[in-house]
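Dear colleague,

Please find below the structure that I am handing over to you. My notes on helix packing and on the sheet follow it.

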Amino acid sequence: MEDKKKILIVEDEAINAMYLGRLLKSSGYEITGAVATGESAIASVEENCPDIVLMDINLRNSIDGIEVTKILREKYKFPIIFLSGYDDQEILSRIGSILNTWKLNKPIVEKNLTDLLQEVLANHA
Amino acid sequence: MEAGIVIHAPDTSIIQSNDRASEILGLSHDQLKGKIAIDPNWKFVKLDNSPLPITEYPVNRISTSKAGMKNQLLGLFRPDKDDIVWVMVNGSPLLSNTGDIIEIAISFVDITGQKQIEEGILTAQLGLEKSQKKLSDLNVTLNQAQELTHVGSWSFNLATQKIEWSDEMFRIWGFDSKKGAPDFDELVNRIHPDDQDLFSSSVDKAARLGTPYDFEHRICLPNEAQKVIRAICHPILRDSGEVVGLGGISQDITDSKIAEGGIKKSLEEKELLLRELYHRTKNNMQVISSMLSIQSQYTNNVDVKETLEDMKSRIMGMALVHEKLYQAKDLSWIDLKDYIIDLVELLKGSLLSKSSNLEIITNLENTRTNIDTAIPCGIIINELFTNAIKHGFSDNSKGVIKISLTNNGDEICVSVLDNGVGIPTGFDFKNHDSYGLNSIIMLSEHQLGGSITLNTENDTEFILKFKEPLNSERV
């Protein structure tokens, strides 16, 4: 049996993190952690080596998800899916320069998330 | 100029006169002969038109003093002509060896014309003085007005290269008025370096081409204070279009700029707060939606799961309005068309499977609405669309759901049509006891003040009509 793909959830809203965790577990993924800040995201990646990261962009009391991704990119190439409420032009241009990243708009449509995860993990992980 | 000459006897009576004397005095030689100084018919007047005392009559003065007199100016009233003739009088006595008067010779020339000219000059001088005084008063008033309004005026004569500044110009630009207006280079040096090119090129265009200007620039004073100036210039042109001079004002608008900046900052802060409020409201609704999803995962009861999913969908529809408002330029109005497109995408994602054979068609016109309209409208479309999918089509059946939005400027019309199995004949949707249909009716009629009707002639079509209330600004 194929190993479960490992996902790290970076989301500062606890209920949203909990919802994503349960949804993805029920879809057959392993959740390596659900963290609320950039610093704990970097620590969790070092410790658990996820296959992919779901990254909220706005994180309270922390550097934002795009900055966290830039730091991670210095060492890791795994795909990262940004979760953001708005198609802000500034955000899009900041994301555009980072390789192997995708963006999914909130509110998350479950099917869109699971479809995208499947596609990215199959072809870009 | 011929003089009139009259010879008086020692008793002042006239004994001889020449023709010119007769002409000037308006009396014949016969009439003159024997006339004495105290004759009541003589009426001499001074320059100010007051009567000349008899003792000051030329002949009387000579008679009394026994000495000559020179250049006495007086007027002589001529009763027959009813006018005054002005004369300059000279006279001298002819004395005997004993010093007694033998006779007195009086000569006089008519200076009436000359006096009239002098009077004219005098009147003109008085008028000029009055005008100068008035001009000076006006200048004081103008200076006071310029000081109060912080507007200085200036003029420049191209031919003479002469520059004139009002007092307020010196105050605004911080130059010493005693030294006179500064030259162009001094002026430019006082302007903020970033604004110097604009200033120089504008003045150049005004002087060469007669192009007026009106712009704002900064000046840097010797005490390092900075001012914002509104500069206006109107070139003075000949009929031929040639520029002969420039005239303009410098207005110190520093205070109003500071006030304007404060208001702008305050507005920006309020806008930021409002945007943040929409953002947080949307986020909170997403959290509620996540809670419902999680709760749904804890139950195996299909009805409960469906109810929770329906509630989640309604809340996400409302959250979408806040997202649209957050993105709206004026934070107040959203386009119902854009909102419905996103709402339908959201509903398709949560309600339709990958293998769905349903075709969703939207035909939407741009319709500006505020939050009070968009939210109930979104909930209604959500219910109708969800009902059409759930009840109109069995799994994988083919079909069409069409959502239309029209706006004739007066009335907004939303239609949700499906060609599914249809509604049973005689179905009274207004008296059917379900949350979804009851909420549609309440929101349509109670909240939007419109109507909702069902048309089942061919397909199943719900038609919502309402008016966007006027003056419904919320923010």
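The model is a predicted one. In chain A, the axes of helix α2 (residues 38-48) and helix α3 (residues 65-73) come within 10 Å and cross at roughly 30°. Angles under 35 degrees count as roughly parallel, and α2(A) and α3(A) are therefore roughly parallel to each other. The crossing in which α2(A) passes α3(A) is right-handed. On the side of α2(A), the contact is made by A:G38, A:A41, A:I42 and A:V45, and α3(A) contributes A:V68, A:I71 and A:L72. Of the residues in this contact, six are nonpolar and one is polar, with no charged residue.

Turning to the sheet, chain A has an open sheet of five strands in the order β2-β1-β3-β4-β5, with parallel pairing. The edges are held by β2 (30-35) and β5 (101-105) of chain A; each has a single partner strand, so one side of each is left without a neighbour in the sheet. Direction ignored, neighbouring strands of this sheet are turned by 20° against each other on average.

One pair of bridge partners is A:I80 with A:T101 of β5(A).

Helices also pack on the sheet. Helix α3(A) lies across β3 (52-56), β4 and β5 of chain A and runs at about 170° to β4(A). Helix α4 (residues 89-96) of chain A touches β4 and β5 of chain A, and its direction makes about 155° with that of β5(A).

Yours sincerely

Note on methods:
Residues are numbered from 1 along each chain as its sequence is written. Chains are lettered from A and ligands numbered from 1 in the order in which they are written. This is a predicted model: local features need pLDDT of at least 70, side-chain atom pairs count only at pLDDT 80 or more; totals for chains, interfaces and linings use all residues. Side-chain values use heavy atoms; hydrogens and water are left out. Axes are lines fitted to C-alpha atoms, for helices over the stretch in contact, and angles run from 0 to 180 degrees between N-to-C directions. Helices (H or I, at least four residues) and strands (E, at least two) are DSSP runs, numbered from the N terminus. Angles under 35 degrees count as roughly parallel, over 145 as roughly antiparallel, 65 to 115 as roughly perpendicular and the rest as oblique. A crossing is left-handed if the near helix is turned anticlockwise from the far one by less than a right angle, and right-handed if clockwise. Contact means heavy atoms within 4.5 Å. Ala, Val, Leu, Ile, Met, Phe, Trp, Tyr, Cys and Pro count as nonpolar, Asp, Glu, Lys and Arg as charged, and the others, Gly among them, as polar. Two strands pair if DSSP finds at least two bridges between them.
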